[in-house]
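Here are my notes for anyone opening this one for the first time. Have the sequence and the model side by side as you read.

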Amino acid sequence: MVSVKMHPCVLSVLLLNVFCSFVSSLYFHIGETEKKCFIEEIPDETMIIGNYRTQLYDKQAEEYLPATQGLGMFVEVKDPDDKVILSRQYGSEGRFTFTSHTPGEHQICLHSNSSKFSLFAGGMLRVHLDIQVGEHANNYAEIAAKDKLTELQLRVRQLVEQVDQIQKEQNYQRYREERFRQTSESTNQRVLWWSIVQTLILVAIGIWQMRHLKSFFEAKKLV
Amino acid sequence: FCLLFQVLVVFGVFGTELTFELPDNDKQCFYEELEKDVRFDIDFQVISGGNYDVDCFVTDPQNNVLYNERKKQYDSFSHTTAMKGDYKVCFSNEFSTFTHKTVYMEFRYGDEVPLMPITRSTALTQLESSCVSIHEILKVVADSQTRYRLREAHDRTKAEHLLERVTYWSFGQTVMLFVIGISQVMLLRSFFTEKKGSVAATT
């Protein structure tokens, strides 16, 4: 067993980071059986880290307190082809990570796993959510500690990550524009073909109508 | 040196961007707990659905309305908080009867403090200050990429919608053409078959 000697400074950094990683963020209310979904349009090979924290309204204290351990959230992530890539249940506080393998719209859905209706006491569950995409998901303090980088090296590393993300986004952009162009060209073709076909059908029906009526009247000896 | 790393962790701009679907006749609210004298920015854009518009309003902890706009396609709102508390931003699709909208929202708060602490014993070297300026420029690039991606998603949804409508209408119209053409002939024939006796009498 290899013993890793941690510099006390590095250890304190990591500890501080663990506590500070979820300082405060946007929150919303979710009902008992409600499912809230968020869409993330991302290029491929992009990492997404989501942190959430739940709070339940306590009638006695008349404020929102951290939810009990039994209450958990079910997290489901679907890729652009509607295939489920992450489907797990987490506790009242959780952190989910996934990396996209196909570019496109990924859907992150959350709903509570509570089956006891009395647990919510007719109130709502408060969910604090924070989703970090790509380069923002990187923890620079951790990277600096792990690779032992100086400040300048860390800055350069951050720039490299940023540029990497920009390049991925540009590739995805090219793929999306191609799809857009295909849709537009297909609309153009369809409009052209259908107009021609409809005009031909109109003319054909007109001719058929006249011929049919003419033969009908001749048969009735009116013409 | 140790303190430097610790400060490194805490500073930074906080922000969340979320894209969510707003069903018809529904309202979705997000809350954020902010300190006093903090500047926050809210950007939103409707990506798909109906007329691509949504109602939005922002209230402070004392329920004063800071921003209230109806049927907006995209907008940007900035404010510096006057008090500490929970600020609320709501998006409403209650005016729509059957279209559900997809809305992108970005909530940024905090000052533009860089990742590294500004109070140092020595000034930034030339290399470090170039790094800082490159970082700022890259942030602008990433931001404009996001704007471009949203606009493109909006246009692409519109184009796909158009294709769908063209297909359905063409098919529908062809069917209508056939139905009307045949029924006209049938109707005319039925006139002459019934009143055969009276027509023959008048001519």
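1. Across the interface of chain A and chain B there are 17 residue pairs in polar contact, both partners at pLDDT 80 or more. A polar contact here is a pair of N or O atoms within 3.5 Å; within protein, one must be able to donate a hydrogen and the other to accept it, and residues adjacent in sequence count only if both atoms are side-chain atoms. On the chain A side, the elements giving two or more residues are helix H1 (8-20), strand E1 (27-30), strand E2 (35-42), strand E9 (125-133), helix H2 (140-147) and helix H3 (151-219). H3(A) gives the largest share, 33 residues. Helices (H or I, at least four residues) and strands (E, at least two) are DSSP runs, numbered from the N terminus.

2. A word on ground rules: this is a predicted model, where local features need pLDDT of at least 70, side-chain atom pairs count only at pLDDT 80 or more, and totals for chains, interfaces and linings use all residues. Residues are numbered from 1 along each chain as its sequence is written, chains are lettered from A and ligands numbered from 1 in the order in which they are written, and side-chain values use heavy atoms, leaving out hydrogens and water.

3. How much do chain A and chain B bury between them? The figure is about 6100 Å², with 67% of it on carbon and sulfur atoms; buried area is the accessible area (1.4 Å probe) that two parts lose on being put together, summed over both. A:Leu26, A:Tyr27 and A:Arg155 supply 12% of what chain A buries against chain B, more than any other three residues.

4. There are four salt bridges between chain A and chain B (a side-chain nitrogen of Lys or Arg within 4 Å of a carboxyl oxygen of Asp or Glu). One of them pairs B:Arg156 with A:Glu41, with the closest N and O atoms 3.2 Å apart.

5. B:Gln45, B:Ile47 and B:Tyr52 supply 56% of the area that domain 1 buries against domain 2, more than any other three residues.

6. Two salt bridges link domain 1 and domain 2 of chain B. B:Glu106 forms a salt bridge with B:Arg147, the closest N and O atoms being 3.9 Å apart.
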